[in-house]
Amino acid sequence: MKAVVVENYNSIDGISIKEIDTPGLAAGEVRVRIGAAAVGFVDGLKVQGLYQTKDPLPFVPGTEFAGTVDAVADNVGTFKSGMPVIGMARSGALAEYIAVPSAALKHLPPQVPFEAGASFQANYLTGLYALDARAALREGEILLVLGAAGGVGIAAVQIGKLMGARVIAAASTPEKREFAVQHGADQTIDYTQADWRETLKELTGGHGPDVIFDPVGGEVSLQAFRSIAWRGRHLVVGFASGTIPALAFNLPLLKGGALLGVDLAQIQKREPETHTRLMAQLFDWLASGKLQPVVGKIVPFENFREAFKTMQSRSALGKMIVKLG
């Protein structure tokens, strides 16, 4: 089969598509013919060996995918050949086939295309875990989403609206801000402007945001926290800016505020009941049509580098998708 193979931790230009063996099936596994795979910020870090954990070389990058069941092990009864599924794995999604434990897969509602399915789980589970389980976002509260046009940011915009919040989307270009409005944001703000905190103060009538969803980091995070409402909750989701901010402890004291960490990788292991509840909620919204995953730019398999480079340049609108099927 064809697969993107990382033989050395390198730049995106240093990896390529190669012919490798199609994976076999171990007990409890399902092999999926991949129709679409997502490329996120973490995938770019892994390819370069910059993520907090390193995949053993050589490896096939990509953690999220959607496709059809190709074959199942004898002891797997949940899935059958031809079923549409979505899944997550540590690696391996940027390939024509992947073999994963059956527990890593979910049935994909038939009306949801592979491209939408591949962009769904990580971003939307992160958003719902952050806003529900961590921040306990309440109806009528003000939610500020930083980096609102990115994959996880736009997911937070949509979920915030479903939970009844008033959503202010912060993004750096008019195109990104319009994109956020198209997907439910009530108002927008340009956080590259020197006076953006004054604008935020005006938009909130001096109240400030009750919850800040922050996948950006850097100086904008510090400025956002300085504008937070009394007893506000600042969700630390990631550092797309490349800089990890350092917050003076007197600020949470003066604001009565809280910093809350959001790490998707640990939810299923540390909070299995919460993980099950949130996944059930997400798939209920997906099946009912209340939640429609935002698909960003779609590129063909042979142009996979474009997906990585667009994502790393922070010019992506939504999640980048590589189409295989």
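**Entry 1: the largest nonpolar core**

I looked up the largest nonpolar core in this predicted model. The core holds 50 residues. I asked which members touch the most others. They are Leu131, Leu143, Phe213, Leu235 and Leu282.

**Entry 2: leucine 143**

I went back to Leu143 and left aside its neighbours within four places in sequence. What does leucine 143 contact then? Leu131 and Phe213 are among its partners. I also listed Leu137, Ala156, Gly160, Ala165, Arg166, Val167, Ile168 and Val211 as contacts of leucine 143.

**Entry 3: the two domains**

I took the bounds from the domain assignment. Domain 1 is written as 2–112 + 293–323, and domain 2 as 122–265. I looked up the separation of their centres, taken over C-alpha atoms, and got 29 Å.

**Entry 4: where the domains meet**

I looked at the contacts next. On the domain 1 side, 11 residues are in contact with 18 residues of domain 2. The two domains bury about 1,100 Å² between them. Of that area, 60% is on carbon and sulfur atoms. How many salt bridges are there between domain 1 and domain 2? I found 0. I did find 3 residue pairs in polar contact between the domains, both residues at pLDDT 80 or more. Last, I sorted the side of domain 1 that touches domain 2 by class: 6 nonpolar, 2 polar and 3 charged residues.

Technical notes:
Residues are numbered from 1 along each chain as its sequence is written. This is a predicted model: local features need pLDDT of at least 70, side-chain atom pairs count only at pLDDT 80 or more; totals for chains, interfaces and linings use all residues. Side-chain values use heavy atoms; hydrogens and water are left out. A nonpolar core is a set of buried Ala, Val, Leu, Ile, Met, Phe, Trp, Tyr and Cys residues joined through side-chain atoms within 4.5 Å. Buried means under 20% relative accessible area, exposed over 50%, partly exposed in between (1.4 Å probe, protein chains only). Contact means heavy atoms within 4.5 Å. Domain bounds come from an automatic or database domain assignment. Buried area is the accessible area (1.4 Å probe) that two parts lose on being put together, summed over both. A salt bridge is a side-chain nitrogen of Lys or Arg within 4 Å of a carboxyl oxygen of Asp or Glu. A polar contact is a pair of N or O atoms within 3.5 Å; within protein, one must be able to donate a hydrogen and the other to accept it, and residues adjacent in sequence count only if both atoms are side-chain atoms. Ala, Val, Leu, Ile, Met, Phe, Trp, Tyr, Cys and Pro count as nonpolar, Asp, Glu, Lys and Arg as charged, and the others, Gly among them, as polar.
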